[in-house]
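Morning, everyone. Let's look at one fold today. Here it is on the screen.

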Amino acid sequence: MNAPVVVVAQDAQQGDWLCRRLVSGGFEARPADDAAAALRLLGEHGSGLCLSHASHATILLQESRLAAPMTPVVVVDEQARVETAVAMMRGGAVDYLDLNAADERLLGAVRQHYRAGGQQDVIKASPQSQQLFDLAGRVAQTDVSVLITGESGTGKEVVARYIHNASPRSAGPFVAINCAAIPENMLEAILFGHVKGAFTGAHQSQPGKFELASGGTLLLDEIGEMPLSLQAKLLRVLQEREVERVGARAPVAIDVRVLATTNVDIRQAVAEGRFREDLYYRLSVFPLQLAPLRERPQDVAALVEHFLRKHGGSFGRAPRIAPQTLLALTRERWPGNVRELENAVQRALVLGAGDELSATEFGLGGAPSAVTRIASGAQGNPAQSCGSALSERRQDAESEVILRALAANSGHRRRTAEQLGVSERTLRYKLQRLRDQGVEV
């Protein structure tokens with residue numbers, strides 16, 4: 001862990017006691033005399049988390065929104081009371097604990113909310129997201145495999161990284177591999193490694209992703225696209241906790257926590273014989289299902305504010321968003337989910353010139369954005385603009401057809417390609433183009 005925990009206690013003795021408890025759990029702890037001192041530390045050096053006594057928490061929560069908006073605050077109190085807990089959580093605290101709670105409870109809560117390097121940003125304004133991240137925080141304390149499912153763009157990798165950062169393995173590596181982006185004949189060697197001379201071009205031995213993730217977490221992204229021929233070998237690795245490099249004679253022991261994500265209906269894939277049932281049960285010891293953004297509109301406002309802070313700095317300003325525009329954004333369907341929303345915020349920042357973003361910059365409610373006006377021929381050469389508009393509409397229509405076909409086939413690329421009448425290679429190219437445009441597929 002490379003970011004300290006700032007501790008604001010009632011007095012120096014209590015602060016030393018809390019710091020010792022944190023250090024025993026593997027954290028770096030930095031004491032602060034009061035809320036003002038804590039805010040200076042947060043502003044100057046950053047922090048993975050702030051642990052504050054309730055007596056300092058009110059002002060700390062108010063001011064940290066400006067000084068360190070992404071730093072989680074955990075509040076402790078000698079006599080944990082329901083009314084105080086409610087007030088603190090409403091004020092922005094991520095947790096409220098009894099000061100004398102067992103070390104396991106205290107350290108577990110800190111691990112759950114700690115942001116390694118101050119970079120673990122999660123939004124959980126809706127009840128669905130709050131419940132999801134609560135479950136993710138609980139399972140993070142174990143070593144069981146987790147299968148994270150949901151539509152493209154819902155934030156499955158964010159949840160996976162949250163589990164890793166909240167786990168006892170957070171000091172270890174987090175290694176991710178996209179099972180759909182790598183050709184089948186290369187995936188085995190990349191996953192399990194290979195020895196020198198195992199195949200043409202293997203000039204030296206290389207460890208696989210499992211070995212590289214030893215001591216940490218391995219994320220198998222788009223696991224539903226893994227070829228059947230590799231699923232049996234993956235199952236054996238998960239069962240035996242050892243991996244055999246391609247061309248090797250002896251296995252290598254591994255210590256890896258495995259997470260998997262997919263937008264494919266794995267149960268349907270099992271029923272159709274495209275995914276091994278035993279592997280499914282091995283991976284989904286603890287399943288987590290992410291709701292699409294349209295089903296958790298409370299998250300939209302929080303995400304918009306987060307993306308404005310995240311990207312506003314590169315534009316040298318921090319614009320506000322009109323309340324009616326924010327309301328309109330929560331009513332959108334967002335088929336591309338969180339990724340699409342982030343792209344919309346970035347476009348609005350590019351197009352907006354004032355201190356407030358309106359529906360015009362987002363192209364909502366029939367209000368054409370500057371991009372739409374240019375494409376429709378309102379500016380520039382009319383013939384060129386019409387040609388651009390036609391090309392853009394064709395691309396949009398093609399993208400919609402591809403996404404609909406992919407959804408209808410539960411994300412299965414081979415069946416999608418057959419339905420569209422194109423080769424799998426062509427489909428991969430078009431999907432990569434959508435990814436380049438910010439659409440998670």
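Start with the sheet. In this predicted model, five strands form an open sheet, in the order β2-β1-β3-β4-β5, and the pairing is parallel. Strands here are DSSP runs of E with at least two residues, helices are runs of H or I with at least four, and both are numbered from the N terminus. Two strands pair if DSSP finds at least two bridges between them. At the edges sit β2 (29-32) and β5 (95-98), each pairing on one side only. On average, neighbouring strands are turned by 25 degrees against each other, direction ignored. Axes are lines fitted to C-alpha atoms, for helices over the stretch in contact, and angles run from 0 to 180 degrees between N-to-C directions.

Now the helices. Helix α1, residues 12-24, packs on the sheet and touches β1 (5-8), β2 and β3. Its direction makes about 155 degrees with that of β1. Contact means heavy atoms within 4.5 Å. Helix α4, residues 82-91, touches β4 and β5, at about 150 degrees to the direction of β5.

Next, β3 and β4. Four bridges join β3 (residues 49-53) to β4 (residues 73-77). Cys-50 has Val-73 as its bridge partner in β4.

Ser-52 lies in β3. Is Ser-52 buried or exposed? Buried, with a relative accessible area of 0%; the cut-off is under 20%, with exposed over 50% and partly exposed in between, for a 1.4 Å probe and protein chains only. Leaving aside neighbours within four places in sequence, Ser-52 contacts Val-8, Ala-57, Leu-60, Val-73, Val-74, Val-75 and Val-76.

Housekeeping: residues are numbered from 1 along each chain as its sequence is written, and side-chain values use heavy atoms, without hydrogens or water. Local features need pLDDT of at least 70, side-chain atom pairs count only at pLDDT 80 or more, and totals for chains, interfaces and linings use all residues.
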